[in-house]
Amino acid sequence: MGKGQNWTIIKESGRTEYIPDSDYYSIISSVGRDFMSAGGNWDRPNMLLLNGKIVVAAGLADVGYKYAKRDRELHDEISRKIREEFKPEWMSDGGKA
């Protein structure tokens, strides 16, 4: 958490969402998760402000989507690697337990 870091998301409709004491990566991760599960009438986050100053001028939803997508890809890669490293000898190459 970022003490004293007060964030504001401005959505395409002009509505705002105030997020006190958070951090940039938590916010874009949350936006990305919302993007991946959103419907057609989702009020897309567009701008991000930190303590009243613009830090993302436009396209916050796209930033969040790209961050969440890459985060998922890296987690999948790490998961594959660690499973291979700890794979017991009794498991066949194609076996799943």
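Trainee: What should I keep in mind about the numbering and the model before we start?

Mentor: Residues are numbered from 1 along each chain as its sequence is written, and side-chain values use heavy atoms, with hydrogens and water left out. Because this is a predicted model, local features need pLDDT of at least 70 and side-chain atom pairs count only at pLDDT 80 or more, while totals for chains, interfaces and linings use all residues.

Trainee: How many helices and strands does the protein chain have, and in what order do they run?

Mentor: There are two helices and four strands in the protein chain, where helices (H or I, at least four residues) and strands (E, at least two) are DSSP runs numbered from the N terminus. Read from the N terminus on, the order is β-β-α-β-β-α.

Trainee: Why is the protein chain called more spread out than a compact globule?

Mentor: The radius of gyration, taken over C-alpha atoms, is set against a globule rule of 2.2 Å times the number of residues to the power 0.38. For 97 residues that rule gives 13 Å, and the protein chain has 19 Å, which is well over it, so the chain is more spread out than a compact globule. The C-alpha trace spans about 60 × 35 × 15 Å along its principal axes.

Trainee: What makes E1 and E3 a strand pair?

Mentor: Two strands pair if DSSP finds at least two bridges between them. Strand E1 (residues 7-11) and strand E3 (residues 45-50) are joined by five bridges and run antiparallel, so by that definition they pair. Within this pair, Lys11 stands opposite Pro45 in E3.

Trainee: How do you know that E1 also pairs with E2?

Mentor: Four bridges join E1 to E2, again in antiparallel fashion, and since the definition asks for at least two bridges, they too count as a pair. Ile9 has Glu17 in E2 as its bridge partner. The hairpin of E1 and E2 has four residues between the strands, and in that hairpin Gly14 takes a positive phi near 100 degrees.

Trainee: What makes the phi of Asn51 worth a remark?

Mentor: Most residues other than glycine have a negative phi. Asn51 is a residue other than glycine, yet its phi is near 50 degrees, a positive value, and its place is in the loop between E3 and E4. Asp21 likewise has a positive phi of about 50 degrees although it is not a glycine; Asp21 is placed in the loop between strand E2 (16-19) and helix H1 (24-37).

Trainee: Why are Asn51 and Asp21 called partly exposed?

Mentor: Buried means under 20% relative accessible area, exposed means over 50%, and partly exposed lies in between, with a 1.4 Å probe and protein chains only. Asn51, at 44%, therefore counts as partly exposed, and so does Asp21, at 24%. Of the 97 residues of the protein chain, 24% count as buried.

Trainee: Why are Lys3 and Glu89 called exposed?

Mentor: Lys3 has a relative accessibility of 74% and Glu89 has a relative accessible area of 83%, so each is set against the limit of over 50% and counts as exposed. Lys3 is in the segment before E1, and its C-alpha atom is separated by 33 Å from that of Asn41, 38 residues apart along the chain. Glu89 lies in the segment after helix H2 (60-85) and is 53 Å from Lys11, C-alpha to C-alpha, with 78 residues of sequence separation.

Trainee: Where is Asp71, and why is it called partly exposed?

Mentor: Asp71 is found in helix H2, and its relative accessible area of 33% is the reason it is called partly exposed. Asp71 and Ser29, although 42 residues apart in sequence, are 8.7 Å apart in space from C-alpha to C-alpha.
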